[in-house]
Amino acid sequence: MIKVYISRFDREVDEKPHLECYEIEKTPQMKVLDAINAINEKYDADISIRSSCRAGQCGSCGILFNGNGALACQKEIKDGAIIEPQNFPVIKDLIVDKSSIEKEVKELQLSLNPEQNNDKINENLTPENMKNTKKVRSCIECYSCLSTCPVVKFIKTKFGGPYIMRYLSKFESDPRDEFNRLDESLKEGLYKCTSCGKCKAVCPKNINTFGDAIERLREIACKENKGPLPEHLAFKENIQETGRSIKSKGPSFIEQVKNENNSKIALFTGCMVDNKLQHIGEALMDVLDANGIKIDIPEGQVCCGSPLIRTGQTDIVQELVDKNKEVFKNYDTVITICAGCGSTLKNNHPKYGSNLNVMDISEFLVDKLDTNKMKELNTSVTWHDPCHLGRGQGIKDAPRDILNQIKGIEFKEMQYPCQCCGAGGGIKAGHPEIASTLAKEKAKMIEETGAESVITICPFCQYNIQDGLNSINREDIKTMNIIELLQLAYQKD
Ligand code: FES
């Protein structure tokens with residue numbers, strides 16, 4: 001028997017939607033839609049949901065499954081699952097009114113106009129156009145992306161969200177289209193996406209909207225001098241001047257450690273640890289020392305290019321990739337201590353011709369920690385999954401396994417640990433109001449766990465979440481890098 005929580009709403013009797021719990025027998029691979037049918041049969045519950053093809057093709061059965069968009073006919077039901085309607089006005093139970101988005105699609109004329117006044121209609125698609133549109137055209141209009149996007153959900157701002165951006169990107173690369181889709185995307189909030197990757201994660205057709213539509217449109221905007229936002233220009237200026245996206249006040253971490261051990265393992269420090277958070281680099285040295293691990297920290301390494309790729313300023317990325325490729329060419333493994341750097345090295349650099357063997361520090365350390373040398377910390381912690389670690393690199397278990405190895409740690413999972421904190425995609429610089437609202441949402445979720453600190457592995461998340469906690473007057477809950485926590489566990493009294 002499993003318990004399933006379904007959102008119920010009948011406007012005749014309910015003021016607002018509420019969850020009701022049902023118990024059913026789960027059959028192997030039972031889908032949400034089957035579960036609802038079973039509940040309706042067993043309880044005579046009359047739960048309303050739209051569905052048609054039952055094959056993941058029509059997109060009509062979109063719901064929220066534990067807060068994330070999904071197709072009810074495809075998603076397997078689980079014990080304790082919370083099934084809610086998508087983020088549109090609810091008509092009844094899981095049926096929503098999608099007319100607002102349909103109206104927007106109509107207003108933007110997101111279809112090819114074969115009328116006589118469209119003198120581009122007979123243009124031919126080039127192979128390049130075909131390639132670009134192919135990546136984003138398999139949408140089945142289930143609105144899973146739109147219902148899951150944290151900016152659409154929490155921010156009351158003009159933002160078309162992943163659904164509209166995907167559509168605009170598709171027509172931008174279609175020469176038969178008669179409108180200026182780039183300008184429209186800028187008006188729709190092209191620079192309001194945090195690059196969290198939720199839209200891709202929930203898309204039943206695996207469309208990479210933030211990469212193949214939003215980052216692509218940002219790249220075109222920069223080429224046409226319509227992007228990035230003025231606040232993003234400093235990343236590129238700093239990189240051109242120093243190789244780093246942020247300036248250092250004192251000696252960089254690499255200058256301080258000068259670590260050459262003839263190891264086959266090298267550290268990619270990233271701009272934040274090298275120029276701003278040198279203490280995290282020092283903490284890593286302590287942890288590696290305690291476990292007898294020797295690494296190199298080669299000089300000459302530069303920014304991975306993440307702030308440029310995320311904001312569309314890609315014209316100097318090849319240069320950065322080539323420099324790093326040369327610096328790390330003789331190493332078997334390159335470890336990263338920033339989720340954003342790791343994700344960029346793994347996911348973006350191969351397109352620029354670099355295929356280093358990259359490991360996030362959590363996946364590198366998880367099976368190497370000497371727990372006998374650790375002391376008891378006697379504290380409670382929760383874990384925030386950085387978007388560029390959880391979704392960007394598919395790493396969720398390794399950091400939790402590390403936390404569970406530290407003695408005296410009480411681990412308290414928060415409700416949605418992978419919900420974006422709002423730090424990425426150039427948002428903190430370009431739209432700080434979005435970053436702070438999302439950080440506040442995350443902070444409230446952290447507060448609910450009762451944990452004494454929140455642990456993460458991304459310097460950008462670390463800053464933004466602490467800002468969020470401070471904004472709800474919970475400065476006492478500390479945000480800490482997992483490496484700093486390990487340093488404490490290995491610290492000698
Ligand atoms: S019923 Fe058609 S996609 Fe689920």
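Before anything else, a note on terms: helices are DSSP runs of H or I with at least four residues, strands are runs of E with at least two, and both are numbered from the N terminus. I also kept in mind that this is a predicted model.

**Entry: loops with positive phi**

I looked up Ser195 and found it in the loop between helix H7 (181-187) and H8. Its phi is near 60°, a positive value in a residue other than glycine. Is Ser195 buried or exposed? I noted 26 other C-beta atoms within 10 Å of Ser195, and the cut-off for buried is 20 or more, so Ser195 is buried.

Next I went to Asn206, in the loop between H8 and H9. Phi of Asn206 is near 55°, again positive in a residue other than glycine. Asn206 has 9 other C-beta atoms within 10 Å, and 12 or fewer counts as exposed, so Asn206 is exposed.

**Entry: a cis peptide bond**

I checked the loop between helix H9 (209-223) and H10, where Pro228 lies. The bond joining Gly227 and Pro228 is a cis peptide bond, with omega at about 0°.

**Entry: domains**

I wrote down the division of the chain: domain 1 (2-96), domain 2 (99-223), domain 3 (233-365) and domain 4 (371-490). The centres of domain 2 and domain 4, taken over C-alpha atoms, are separated by 32 Å. Their contact draws 14 residues from domain 2 and 16 residues from domain 4.

Which elements give two or more residues to the side of domain 2 that touches domain 4? I found helix H5 (150-154) and helix H8 (198-202). H5 supplies the largest share of that side, three residues. Sorted by class, the side of domain 2 that touches domain 4 has eight nonpolar, four polar and two charged residues.

**Entry: H21 against H22**

A reminder to myself: two packed helices are described by the angle between their axes and the distance between the axes. For helix H21 (residues 432-449) and helix H22 (residues 459-471), the axes come within 7 Å and cross at roughly 70°. H21 and H22 are therefore roughly perpendicular to each other.

I listed who makes the contact. From H21 come Ala435, Ser436, Ala439, Lys440, Lys442, Ala443 and Ile446. From H22 come Asn464, Ile465, Asp467, Gly468, Leu469 and Ser471. By class, this contact of H21 with H22 has six nonpolar, four polar and three charged residues.

I then moved to Ile472, in the loop between H22 and strand E14 (478-481). Leaving aside neighbours within four places in sequence, Ile472 is in contact with Lys440, Ala443, Lys444 and Glu447. Ile472 has 14 other C-beta atoms within 10 Å and is partly exposed.

**Entry: the nonpolar core**

In soluble globular proteins, nonpolar side chains tend to be buried together. The largest nonpolar core here holds 125 residues. Which of its members touch the most other members? My answer was Val32, Ile63, Ala72, Leu217 and Ile483.

I followed up on Ile63. Not counting residues up to four places away in sequence, Ile63 touches Val32, Ala70, Ala72, Ile83, Glu84, Pro85, Gln86 and Leu94.

Ile6 was my next stop, in strand E1 (residues 2-8). Ile6 counts as buried, with 25 C-beta neighbours inside 10 Å. Beyond its neighbours within four places in sequence, Ile6 is in contact with Leu19, Glu20, Tyr22, Ile47 and Ile83.

**Entry: two partly exposed residues**

Lys247 sits in the loop between helix H10 (233-242) and helix H11 (253-257). With 13 other C-beta atoms within 10 Å, Lys247 is partly exposed. Lys247 touches Asn238, Thr242 and Asn275, not counting residues up to four places away in sequence. Lys247 and Leu288 are 41 residues apart in sequence and 27 Å apart in space, C-alpha to C-alpha.

Glu410, in strand E12 (residues 409-411), is partly exposed too, with 14 other C-beta atoms within 10 Å. Glu410 and Ala451 are also 41 residues apart in sequence, and I noted 8.3 Å between their C-alpha atoms.

Conventions:
Residues are numbered from 1 along each chain as its sequence is written. This is a predicted model: local features need pLDDT of at least 70, side-chain atom pairs count only at pLDDT 80 or more; totals for chains, interfaces and linings use all residues. Domain bounds come from an automatic or database domain assignment. Two residues are in contact if their C-beta atoms, placed from the backbone, lie within 7 Å. Ala, Val, Leu, Ile, Met, Phe, Trp, Tyr, Cys and Pro count as nonpolar, Asp, Glu, Lys and Arg as charged, and the others, Gly among them, as polar. Axes are lines fitted to C-alpha atoms, for helices over the stretch in contact, and angles run from 0 to 180 degrees between N-to-C directions. Angles under 35 degrees count as roughly parallel, over 145 as roughly antiparallel, 65 to 115 as roughly perpendicular and the rest as oblique. A nonpolar core is a set of buried Ala, Val, Leu, Ile, Met, Phe, Trp, Tyr and Cys residues joined through C-beta atoms within 7 Å.
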